[in-house]
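Please open the structure in a viewer and keep the selection tool at hand.

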Amino acid sequence: VKIVKTKDRKIYYLRQKGYILEEAKQKWLQLQALVYSADLKNYEEIGIYHDNPAITPHEQCFYIAAISPENEIITTNIPSNILEGGLYATFEIFGGETHEVAWFIKWAYHNWLPHSGFETTTDPSYVIMHKNHFLDEKEIHSTFYLPIRSI
């Protein structure tokens, strides 16, 4: 676990209701098309989780697939916003199955957080994907960001 302070990031995003794998893959394919058409070279792929999957049923959870490019994209119909910076506990996730990310998020909220000396905030948690398991990567390598504050 590392505690970090992040900066604001401009994101281009697609939102979906429900943690439904096939819908998420479709969102990531749409963002991949934007990356190719805008000829982006330096960007981050970010999965934003607005709900805790251990509390909220998966079909009720909101998920955002987003990219954060180094430079602003001039022409696109994909909405943009700012992912606000803040204080986060970060965890490196490695694995081979997509569902392992959801299990890790549950563990972080229900096992690590209660014993950490921190509490979460109303900001969303997110993962920065170093290997995007929704596209063509078979392995998971992501950094999970859990919003925190001192108790």
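**First stop: a proline in a loop**

Select Pro53, which lies in the loop between β3 and β4. Strands here are DSSP runs of E with at least two residues and helices are runs of H or I with at least four, numbered from the N terminus. The model is a predicted one, in which local features need pLDDT of at least 70 and side-chain atom pairs count only at pLDDT 80 or more, while totals for chains, interfaces and linings use all residues. Residues are numbered from 1 along each chain as its sequence is written, and side-chain values use heavy atoms, with hydrogens and water left out.

Is Pro53 buried or exposed? Pro53 counts as buried, at 7% relative accessibility. The term buried means under 20% relative accessible area, exposed means over 50%, and partly exposed lies in between, with a 1.4 Å probe and protein chains only. Next, draw a distance from the C-alpha atom of Pro53 to that of Thr121: the two are separated by 16 Å and stand 68 residues apart along the chain.

**Second stop: another proline**

Move to Pro124, in the loop between β7 and β8, the latter covering residues 125–131. Pro124 is also counted as buried, at 18% relative accessibility.

Select residues 21–37, which form helix α1, and pick out Glu23 within them. Glu23 is partly exposed, its relative accessible area being 37%. A distance drawn between the C-alpha atoms of Glu23 and Phe94 gives 23 Å for two residues that are 71 apart along the chain.

Then select Asp39, placed in the loop between α1 and β3. What is the phi of Asp39? Asp39 has a positive phi of about 55 degrees, although it is not a glycine. Most residues other than glycine have a negative phi. Asp39 is exposed, with a relative accessible area of 52%.

How many salt bridges does a search of the whole structure find? The search finds five, a salt bridge being a side-chain nitrogen of Lys or Arg within 4 Å of a carboxyl oxygen of Asp or Glu. Three of them are visited here, beginning with the following pair.

Display the side chains of Glu44 and Arg9, which meet in a salt bridge at 2.8 Å, N to O. Glu44 belongs to strand β3 (residues 43–49) and Arg9 to strand β2, so this pair ties together parts that are 35 residues apart in sequence. Glu44 counts as partly exposed, at 28% relative accessibility, whereas Arg9 counts as buried, at 15%.

Now display Lys10 and Glu72, whose side chains form a salt bridge at 3.4 Å, N to O. This pair links distant parts of the chain, 62 residues apart: Lys10 is in strand β2, and Glu72 is in the loop between β4 (62–69) and β5. Lys10 counts as partly exposed, at 29% relative accessibility; Glu72 counts as exposed, at 55%.

Finally, display Arg149 and Glu119, joined by a salt bridge at 2.8 Å, N to O. Arg149 lies in strand β9 (residues 140–150) and Glu119 in strand β7 (residues 118–120), so the pair ties together parts that are 30 residues apart in sequence. Arg149 is partly exposed, with a relative accessible area of 42%, and Glu119 is partly exposed as well, with 31%.

Select Val1, Ile3 and Leu87, which together form a nonpolar patch on the surface with about 250 Å² of accessible area. Such patches are made of residues with over 30% relative accessible area and no salt bridge, where nonpolar side chains (Val, Leu, Ile, Met, Phe, Trp, Tyr) are joined within 5 Å and like charges within 9 Å. Accessible areas come from the Shrake-Rupley method with a 1.4 Å probe, and for residues only the protein chains shown count as cover. Ile3 has its place in strand β1 (residues 2–5) and is partly exposed, at 41% relative accessible area.
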